[in-house]
Amino acid sequence: MDNVSHGTYFTLDGHVEMQKYRYVYFAVTLTLYLLIIGFNSILISIVCCSKKLHEPMYVFLCALFCNTLFGTSAFYPKLLQDFLSDTQLISYSGCIVQAFVIYTYAASEFTLLSVMAYD
């Protein structure tokens, strides 16, 4: 008796003209991803290091910057991987995890913006 598990995979076929411009898409997306990480990290360090910015509104902004890092880390690495691969596949569990993280990111974003509007 063999112990065999069969995984479920989803094929993503939404990219048009993928083979022709794949490296351009990858370069633009990687540049955008690195800019998002860089600028948000700089803004978080500015808010954390400056004593004058330790007020509630700046703390909420810092939380938004952290949330942005959380959301982009869920979305961009898989997108970059899909740009470079010949077949765009994702496992069922990977899809569930990515959807959970993106929905958590969106819920956190709306919650933080609501708290900021109340403040």
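# Exercises on a predicted model

Asn-40 is buried, at a relative accessible area of 10%; buried means under 20%, exposed over 50%, partly exposed in between (1.4 Å probe, protein chains only). This is a predicted model: local features need pLDDT of at least 70, side-chain atom pairs count only at pLDDT 80 or more, and totals for chains, interfaces and linings use all residues. Residues are numbered from 1 along each chain as its sequence is written, and side-chain values use heavy atoms, with hydrogens and water left out.

**Exercise 1.** Describe the surroundings of Asn-40.

*Solution.* 
- Find the element. Asn-40 belongs to helix α1, residues 18-49. Helices (H or I, at least four residues) and strands (E, at least two) are DSSP runs, numbered from the N terminus.
- Follow the side chain. It reaches the backbone oxygen of Ile-36 at 3.0 Å.
- List the contacts (heavy atoms within 4.5 Å). Setting aside neighbours within four places in sequence, Asn-40 touches Phe-65, Thr-68 and Leu-69.

**Exercise 2.** Is Ile-46 buried, partly exposed or exposed?

*Solution.* 
- Locate the residue. Ile-46 sits in helix α1.
- Read the value. Ile-46 has 43% relative accessibility, so it counts as partly exposed.

Terms used. A polar contact is a pair of N or O atoms within 3.5 Å; within protein, one must be able to donate a hydrogen and the other to accept it, and residues adjacent in sequence count only if both atoms are side-chain atoms.
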